[in-house]
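Reader: I have a chain open on my screen and would like to go through it. Can you start with the terms?

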Amino acid sequence: MSLMYQAFGFGPQVSMVAPSTCKLTEEKRKQLCGLLGNVELTPLASSLTEEQRKQLCGLLGNVELTLLYKASVHGYQASAFHQRCDRQGPTLLVAYNHSGYIFGGYTSVDYTQSGQYITDEEAFLFSFQGKIPVCIKMNSGYNARVDDGGGPNFGQQVYFCYNNQPVRYNTGASAFTVNPTTMYGNDTRLSEFEVYKVEQICAVSSEEKPWRNVLWKAERKDKLMEMIRNYKPLVTSVSRVRILMIGPVGAGKSSFFNSINSIFMGRITSKAMSGSAGTSLTTQFRTYPVKDGREGKPLPFVLCDTMGLEEQTGAGLDIEDISSILQGRVHDRYKFNPTEPFQPDEQKASKPASLQEKIHCVVYVIDATKISLMSDKLQEKLASVRRKVNSLGIAQIVLMTKVDEACPLVEKDLYKIYLSPYIKSKVQEVSSRLGVPVSCVLPVKNYSQELELELNCDVLLLTALQQMLNFADDYLDDICPLEDKPK
Ligand SMILES: Nc1nc2c(ncn2[C@@H]2O[C@H](COP(=O)(O)OP(=O)(O)O)[C@@H](O)[C@H]2O)c(=O)[nH]1
Ligand SMILES: [Mg+2]
């Protein structure tokens, strides 16, 4: 981070970009003050810790933050803000309140007091939830802000320095889906407010090395599709491996199936109903085979879609239902009753299901934007599912969806996913919350609003699917070590 020096006694700010600790000797400092007259140089110090700064930079890519304005030094007046922050390019605002919340927002467009409405698709709000900033993207079709002489605002909804007051929240506006309690503990009294200039660093630094290697090429996509087409489950009695997707409502289970189906169909499809209803939209147990193109053969896997895992007991999928599914007792289109667990058919229950009908790989589908907000109840429910799956020895993977919504850098360029320290921290967080190794967490972006396939999206989704097939093989190998293996 650069250090800015504030020259008291002078009108304009005297800024000297220097390393984050002051390296001026006392003698040099005196010499410089001599050039400026009777002034004192005090460094404008950031209130962010090094860790918080890194986390925020992680949301923005390879950037440098330079502190332009600090309310405790320059005053809470909108005019003081504009004097230092107008025409500075992209800026990041960071507010600190008396309840200990750190929150703010980013805009990629200059402040100029033009009086215009500003569209800025890159704008977002954030709030630290524990050590990690959670990003709140702007809802589509809204203006990011009005560029007037007042204090900075986001969607005319969250205002900083409003009427020279620390912060104000306007409940009438809806550009951002903000919960003031989660975002800042409903406490509008700021203890500090800072604005940073955000500059991209062009030089390739050592941090530019991806933390996982992916070949973002059409050949790689073709190769993955070929490997999946030609895959044969390790045990001959199983013709297609069954992959069960489990996760909260809205995590992207149905969308994952739709995305994989789209890739093999060569166009966007939406066979499984997906949507954003609050409670489970999928209430049936569905097993979805995927065909290799319109007239093609069925591929060697079946994706099983369940209704959501809701945190309350008596709602959503129950642990007993999951156990029945894992053991292959639930048929396609079985309609779950959230208040009553699955009742097996008497006759069928007497003979155990064949290995072909059982689940061979369990995929926990988790929304990357919700990890930090995961309730203890949901975490406990997932832990009990995991205990059950563990006891049956079934392979498990975490599919971390919505990486585009979680990180603006990734939204812009999906291929930067493994350069994003933010996504890396999310992968680590979900790994520790669910108790699965980091290597078993696969971040993806499902197709959600696109009309055409995108290469990078496909590569990521196919890599995840291929890993599921590998894991299913490990399970089959483990339970049938002596069975006939296909050549
Ligand atoms: N931006 C984005 N949206 C997604 C992604 N995956 C799912 N969605 C959206 O999230 C919502 C819920 O998805 P859905 O598949 O119905 O979740 P389910 O309840 O787990 O089956 C839908 O509006 C999807 O379009 C993703 O990776 N990125
Ligand atoms: Mg669904």
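Author: A residue is buried if 20 or more other C-beta atoms lie within 10 Å of its own, exposed if 12 or fewer, and partly exposed in between, with C-beta atoms placed from the backbone. Helices (H or I, at least four residues) and strands (E, at least two) are DSSP runs, numbered from the N terminus. This is a predicted model, where local features need pLDDT of at least 70 and side-chain atom pairs count only at pLDDT 80 or more, while totals for chains, interfaces and linings use all residues. Residues are numbered from 1 along each chain as its sequence is written, and chains are lettered from A and ligands numbered from 1 in the order in which they are written.

Reader: Fine. Which residues in α2 are buried?

Author: L56, C57, G58, L59 and L60 of α2 are buried. Just after α2 comes G61, with a positive phi of about 100 degrees.

Reader: And what share of the protein chain is buried?

Author: Buried residues are 40% of the 487 in the protein chain. The secondary structure comes to 14 helices and 20 strands.

Reader: What part of the contacts is between residues 24 or more positions apart?

Author: Such pairs account for 70% of the contacts in the protein chain with a separation of 6 or more. Two residues are in contact if their C-beta atoms, placed from the backbone, lie within 7 Å.

Reader: Sheets next. What is the strand order in the open sheet of 6 strands?

Author: The order is β3-β13-β4-β5-β7-β8, and the pairing is antiparallel. Two strands pair if DSSP finds at least two bridges between them. β3 (63-70) and β8 (132-137) each have a single partner strand, so one side of each is left without a neighbour in the sheet. From one strand to the next the twist averages 25 degrees.

Reader: How are those angles defined?

Author: Axes are lines fitted to C-alpha atoms, for helices over the stretch in contact, and angles run from 0 to 180 degrees between N-to-C directions.

Reader: How many bridges are there between β7 and β8?

Author: There are 6, with β7 (residues 124-129) and β8 running antiparallel. S127 is placed opposite V134 of β8. Helix α2 (residues 50-60) packs on this sheet and touches β3, β4 (91-97), β5 (102-107), β7, β8 and β13 (190-200), with its direction at about 35 degrees to that of β8. Helix α4 (residues 78-85) also packs on the sheet, touching β3, β4 and β13, and its direction makes about 140 degrees with that of β3.

Reader: Back to α2. At what angle does it cross α13?

Author: The axes of α2 and α13 (residues 421-434) cross at roughly 115 degrees and come within 7 Å. That makes the two helices roughly perpendicular; angles under 35 degrees count as roughly parallel, over 145 as roughly antiparallel, 65 to 115 as roughly perpendicular and the rest as oblique.

Reader: Which residues make that contact?

Author: K54, G58 and L59 come from α2, and P421, Y422 and S425 from α13. By class there are 3 nonpolar, 2 polar and 1 charged residues. Ala, Val, Leu, Ile, Met, Phe, Trp, Tyr, Cys and Pro count as nonpolar, Asp, Glu, Lys and Arg as charged, and the others, Gly among them, as polar.

Reader: Now the open sheet of 7 strands. What is its order?

Author: It reads β17-β15-β16-β14-β18-β19-β20, with mixed pairing. The edges are β17 and β20 (441-443), each with a single partner strand, so one side of each lacks a neighbour in the sheet.

Reader: Parallel or antiparallel for β14 and β16?

Author: Parallel: 5 bridges join β14 (residues 241-246) to β16. L244 has C304 in β16 as its bridge partner. β15 and β16 (residues 298-305) pair antiparallel, also over 5 bridges, with P289 opposite V302 of β16. Their hairpin has 6 residues between the strands, and G293 there takes a positive phi near 90 degrees.

Reader: Which residue other than glycine has a positive phi near 60 degrees?

Author: K402 does. K402 lies in the loop between β19 and α11 (403-406), and counts as buried because it has 23 C-beta neighbours inside 10 Å.
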